[in-house]
Amino acid sequence: MRPDVQDQVFSIIAREALREPSELSPEMTLDELGLDSLGLVEVIFAIEEAFDVSVPFNANEPAASQFDMSSVGAIVGAVERLVSGGKPSTAVA
Amino acid sequence: MRRVVITGAGTINALGEGVAATKAAMAEGRSGIGPLSFQDVERLSIRIGGQIRGYDASDRFTSAQLAQYDPFTQYALISGAEAMAQAGLEAAPDPARWGCIIGSAGGGHTTANNAYRAVFADQKNRVHPLTVPKLMANAAPSHLSIRYGLQGPSFAVATACASSNHAIGLAFQMVRSGMAEGMLAGGSEAMLNFGGLKAWEGLRVMSPDGCRPFSADRNGMVQGEGAGVFVIETLESAEARGAQPLAEIAGFAMNSDASDIVMPSLDGASAAITGALSDAGMAPEEVGYINAHGTGTAANDRIETAAIRAALGKAADHVAVSSTKALHGHCIGGTGAVELIACLMALGDGVIAPTANYATPDPDCDLDYVPNTARKAQVGAALSNAFAFGGLNAVVALRAI
């Protein structure tokens, strides 16, 4: 994991979950953190803004989305892949 | 209590202009959804919708009118003209006792979008002087009232995707109770512009490739636009004028989930259906067709199915249910009015519009959705469901006449 990406993703999720980043660990799920579907789309929006990426996520079929949100650590990994993918930041989800 | 009927119907939507064109497309299961066309569409990730095509406002309205008419007002006026003509009315027969209620979620959204673009993006320092009266959500009912001399109660209702059903239901209650003698009621929406779609795509509930209600492969809603307007009056006044009733509005119910701002509620939806049946004195077995809210989202279609089962009990096994949103898109505040055309077709023409794009059964959606092909059937009673963001539900019950 890239520490800078991890720190930023932890900080984003912690802010939405009203926690301190130090309270988060990679195996935690957003559900455990009390984030509902609206919290989830807020996290995605914050990630897109912070990293200038476009997150492919459709709430109707989360499993089919190419963005693993099953845990805090999975999200960090998914963001790392998006950031290193060199994809243009135009809004093509 | 006074019996209330619909004596005129009008619409413009992605399926076409007019009730006849809309019914024809519904009966054929022909969709009006396709690639969107407007400024900056290439900056969107969602690029399909049920957009009205081949429409040039300058063909229908003068430049002075267009300075006042946002597209949502234009659509309402076009629909209102068709409805009034069918009812055989040039103006309100009793002006002080006739009014107008139009539902719209976004009102003059295109006008707001264009004004913001002018000042924020184009760095202009002024916008058109009539921007406010053009964008206000009550512009559509106000212009209808001016056009037809409706001097009774007129206003707009904004309950997101249930706006039309709230408008029609309130108009029905006013006429039934004697508060008004006749009403123009319906809904209109014109939110297919860059700002409107950009907001919607942020919610992550839109489908990039199509609306597939109740099908296991559904992946979200597709937005449409358009209007539907109806002339609503007492059976007595219709008969006195020699106007042909298209259907009777038999009951209406509305309630609030009071739970979540976007997630639908089984209890709220089923209570609204039960309430409409009760208001109409209608047994579940009497209902032959339900025009579902059927947005094509994972959550709505599953919960609406369970709500219909909870409200109708065993009768749910024998009722035809379809969502016409796969054809005209989700017209948001105008959608219940456009969908009422499908109810009129079932009750008046004996044709049930299909649920298009139905591909794969979903164990959670186990009703008769009239998949892909219209069906001939004698329908004596129908329901129109609308369940809005904000948890506001509105169900209209109709009978053939």
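Predicted model: local features only at pLDDT ≥ 70, side-chain atom pairs only at ≥ 80, totals over all residues.
## Asp36 of chain A

Let's start in a loop: Asp36(A) sits between helix H1 (3–17) and helix H2 (37–51) of chain A.

## Chain A as a whole

Stepping back, chain A has 3 helices and 0 strands, and its elements follow the order α-α-α from the N terminus on. The radius of gyration is 12 Å, close to the 12 Å that the globule rule gives for 93 residues, so chain A is as compact as a globular protein of that length. Along the principal axes, the C-alpha atoms of chain A fill a box of roughly 35 × 30 × 20 Å.

Of the 93 residues in chain A, 22% are buried. Looking at contacts in chain A between residues at least 6 apart in sequence, 58% join residues at least 24 apart.

## Where the two chains meet

Over in chain B, the domain assignment gives domain 1 (4–241) and domain 2 (250–399). Their C-alpha centres lie 21 Å apart. Across the boundary, 61 residues of domain 1 are in contact with 57 residues of domain 2.

Which elements give two or more residues to the side of domain 1 of chain B that touches domain 2? They are strand E1 (4–13), helix H1 (19–28), helix H7 (163–177), strand E7 (182–189) and strand E8 (226–234) of chain B. H7(B) gives the most to that side of domain 1, with 8 residues. By class, this side of domain 1 has 26 nonpolar, 29 polar and 6 charged residues.

## Helix packing around H13 of chain B

Two packed helices are described by the angle between their axes and the distance between the axes. H7(B) and helix H13 (residues 335–349) of chain B pack at an angle of about 70°, with 6 Å between their axes. H7(B) and H13(B) are therefore roughly perpendicular to each other. Ser164(B), Asn165(B) and Ile168(B) of H7(B) meet Thr335(B), Gly336(B), Ala337(B) and Leu340(B) of H13(B). The residues of this contact of H7(B) with H13(B) comprise 3 nonpolar, 4 polar and no charged.

H13(B) also packs with H1(B), at an angle of about 80° and with the axes 10 Å apart. This makes H1(B) and H13(B) roughly perpendicular to each other. From H1(B) the contact takes Val19(B), Thr22(B), Lys23(B) and Met26(B), and from H13(B) it takes Ile341(B), Ala342(B), Met345(B) and Asp349(B). Sorted by class, the contact of H1(B) with H13(B) has 5 nonpolar, 1 polar and 2 charged residues.

## Two positive phi values in chain B

Most residues other than glycine have a negative phi. With that in mind, two loop residues deserve a look. Phi of Ile332(B) is near 45°, a positive value in a residue other than glycine. Ile332(B) lies in the loop between helix H12 (325–328) and H13 of chain B, and is buried, with 32 other C-beta atoms within 10 Å.

Asp40(B) has a phi near 75°, again positive in a residue other than glycine. Asp40(B) belongs to the loop between strand E3 (34–35) and strand E4 (48–49) of chain B. With 13 other C-beta atoms within 10 Å, Asp40(B) is partly exposed.

## Trp98 of chain B

Finally, find Trp98(B) in strand E5 (residues 98–103) of chain B. Why does Trp98(B) count as buried? Trp98(B) counts as buried because 27 C-beta neighbours lie inside 10 Å, and the cut-off for buried is 20 or more.

Setting aside neighbours within four places in sequence, Trp98(B) is in contact with Ala92(B), Leu150(B), Gly152(B), Ala180(B), Glu181(B), Gly182(B) and Met183(B). Glu17(B) is 81 residues from Trp98(B) along the chain, and 26 Å separate their C-alpha atoms.

Note on methods: Residues numbered from 1 in each chain as written. Chains lettered and ligands numbered in written order. Helix = DSSP H or I, 4+ residues; strand = E, 2+ residues; numbered from the N terminus. Rg over C-alpha atoms; globule rule 2.2 N^0.38 Å. Buried ≥ 20, exposed ≤ 12 C-beta atoms within 10 Å, placed from the backbone. Contact = placed C-beta atoms within 7 Å. Domains from an automatic or database assignment. Nonpolar A, V, L, I, M, F, W, Y, C, P; charged D, E, K, R; others polar. Axes fitted to C-alpha atoms, helices over the stretch in contact; angles between N-to-C directions. Parallel < 35°, antiparallel > 145°, perpendicular 65-115°, else oblique.
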